[in-house]
Amino acid sequence: MRKSQANLFSENGHATLTTALQELYARYGEPTYDGPDDLLGVLVQTILSQQTTRQNCQRAFGQLLDKFAGDWRRCQIAPRADLEEAIACAGLAKQKSTRIQALLARLEEERGDYSLEFLREMTPDDARDYLTSFKGVGPKTAAFTLMYAAGMALFPMDTHIFRICERLGWLDAGQSSKQAHRRMEEMIPAGQHYPAHMVLVRHGREVCHARSPACEDCPLGDICLYYQDLISK
Ligand code: SF4
């Protein structure tokens with residue numbers, strides 16, 4: 001790792017983060033938060049979204065709701081093959097159906113209810129710790145669920161966001177996913193977690209590609225260590 005990259009975040013990471021967000025909002029518009037949503041439904045959708053496209057995830061969730069008439073108890077006690085069939089288009093159906101049924105069973109056992117609405121009363125850290133105690137719910141899934149459905153100041157990092165943060169020098173090599181999530185969410189200004197997530201995902205999809213990023217068309221070139229390295233050679 002370059003020395004500048006290792007130290008940059010602590011030296012002026014706040015400044016470059018603020019600049020980057022301003023540039024990206026100027027380019028794409030600042031996304032607005034749509035407001036609260038059903039926490040359990042969003043968590044199940046986020047589990048379904050793992051390693052598949054958004055379209056397949058939405059289709060699988062719609063089929064799951066149709067199959068069990070939106071009744072989580074019916075979903076929990078159904079033969080697993082029925083759930084697998086409903087969500088097959090999202091892939092990893094065996095693994096995902098097992099995790100969804102285990103999640104529902106634990107909620108019913110612990111809370112006597114198929115709901116995660118009680119998480120709204122918790123701090124973001126406690127709510128995240130609770131969700132990550134379920135098998136198959138990692139830092140990204142937990143943070144996305146709580147940010148999207150409850151407006152909590154958490155910052156889910158997908159592959160696009162990791163890539164951009166690394167290229168801009170905001171992450172240290174060897175940081176775990178959990179450490180990276182905590183570091184970034186502490187640095188993002190209050191009220192900016194949702195728009196920052198949305199705009200960085202979009203930038204990763206449209207400009208900062210994994211292979212051959214379109215740096216000439218990127219407003220972040222002046223503050224991007226990857227690009228500055230590239231043009232200095
Ligand atoms: S300058 Fe290039 S590498 Fe840096 S953020 Fe922009 S597209 Fe990505």
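Which residue does the side chain of R128 meet in a salt bridge? That one is answered in the second view below. This is a predicted model, where local features need pLDDT of at least 70 and side-chain atom pairs count only at pLDDT 80 or more, while totals for chains, interfaces and linings use all residues. Residues are numbered from 1 along each chain as its sequence is written, and side-chain values use heavy atoms, with hydrogens and water left out.

**View 1. Domain 1 against domain 2.** An automatic or database domain assignment sets the bounds: domain 1 covers 3-33 + 155-232, and domain 2 covers 39-150. Their C-alpha centres sit 29 Å apart. For the contact (heavy atoms within 4.5 Å), domain 1 brings 13 residues and domain 2 brings eleven. About 960 Å² is buried between the two, 62% of it from carbon and sulfur atoms; buried area here is the accessible area (1.4 Å probe) that two parts lose on being put together, summed over both. On the domain 1 side, Y33, P156 and R182 supply 44% of the area buried against domain 2, more than any other three residues.

**View 2. Salt bridges around R128.** A salt bridge is a side-chain nitrogen of Lys or Arg within 4 Å of a carboxyl oxygen of Asp or Glu. R128 meets D125 in one, at 2.8 Å from N to O. Both belong to helix 7, three residues apart, or about one turn of the helix; helices (H or I, at least four residues) are DSSP runs numbered from the N terminus. R128 is buried at 4% relative accessible area, whereas D125 is partly exposed at 36%. (Buried is under 20%, exposed over 50%, partly exposed in between, with a 1.4 Å probe and protein chains only.) Shared partners link D125, R128, D129, R182 and E185 into one salt-bridge network. Within it, D129 and R182 pair up at 3.8 Å, N to O.

View 3. E84 and R80 form a salt bridge at 3.1 Å, N to O, and sit four residues apart in helix 5. E85 also bridges to K67, with the closest N and O atoms 3.8 Å apart. E85 lies in helix 5 (residues 80-87) and K67 in helix 3 (residues 54-67), so this pair ties together parts 18 residues apart in sequence. E85 is exposed at 56%, while K67 is partly exposed at 31%.

**View 4. S115 in its loop.** S115 sits between helix 6 (93-111) and helix 7 (124-132). With 18% relative accessibility, S115 counts as buried. Leaving aside neighbours within four places in sequence, S115 is in contact with L40 and L107.

How values were computed: Helices (H or I, at least four residues) and strands (E, at least two) are DSSP runs, numbered from the N terminus.
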